[in-house]
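Dear colleague,

I am handing over a structure for you to look at, and my notes on it follow below.

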Amino acid sequence: MLQRQTILTIHTRGRGFHELTRDVRECVRASGVRTGLCVVFCTHTSASLLVTENADPTARADVLRRLEQLAPDGAPENEHDAEGPDDSAAHQRSALTRTSETIPVTQGELALGTWQGIFLVEQRARGHERRIVVHVTGTG
């Protein structure tokens with residue numbers, strides 16, 4: 001059984017999608033795993049991960065708009081605002097999405113569909129430094 005763990009540091013520009021597919025592919029290739037699993041984990045409560053459309057950016061823009069409708073910045077019913085009006089909303093948006101994704105590794109490559117990409121979703125209005133743990137395990 002082979003295992004490799006890598007921590008990616010991503011500097012976001014603020015709310016939006018930041019594609020990680022290439023970085024995660026490099027982690028898989030460096031692991032030597034031919035058949036197994038790749039777990040991608042976001043270590044933050046105001047950012048999240050999604051496997052979603054990577055070809056048409058309007059699909060991702062639609063996701064952001066829907067999340068903003070479900071958890072608007074500065075909603076009067078939110079109590080948690082220690083870091084500003086986007087604080088509670090960012091946590092809520094992350095809770096609606098995911099903090100981890102598991103992707104099969106097949107023949108040494110991520111088994112993503114044709115139009116799938118792995119994205120960090122920054123839920124805060126301003127940029128942050130985000131840590132992503134990539135753990136690959138399987139056989140060579």
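In which strand does T9 lie? T9 lies in strand β1, where strands (E, at least two residues) and helices (H or I, at least four) are DSSP runs numbered from the N terminus. This is a predicted model, in which local features need pLDDT of at least 70 and side-chain atom pairs count only at pLDDT 80 or more, while totals for chains, interfaces and linings use all residues. Residues are numbered from 1 along each chain as its sequence is written, and side-chain values use heavy atoms, with hydrogens and water left out.

With a relative accessibility of 43%, T9 counts as partly exposed, the class between buried (under 20% relative accessible area) and exposed (over 50%), with a 1.4 Å probe and protein chains only. Leaving aside residues up to four places away in sequence, T9 touches E129 and R130, contact being heavy atoms within 4.5 Å.

Turning to the sheet, five strands form an open arrangement in the order β1-β8-β3-β5-β6, with antiparallel pairing; two strands pair if DSSP finds at least two bridges between them. Because β1 (2-11) and β6 (109-110) stand at the edges, each with a single partner strand, one side of each is left without a neighbour in the sheet. Strand β3 (residues 35-42) is joined to the antiparallel strand β8 (residues 129-139) by eight bridges, and C38 stands opposite V136 in β8.

As for helix α3 (residues 87-96), its buried residues are D87, S88, A89, A90, R93 and S94, and these pack against β4 (47-53) and α2 (57-70).

Best regards
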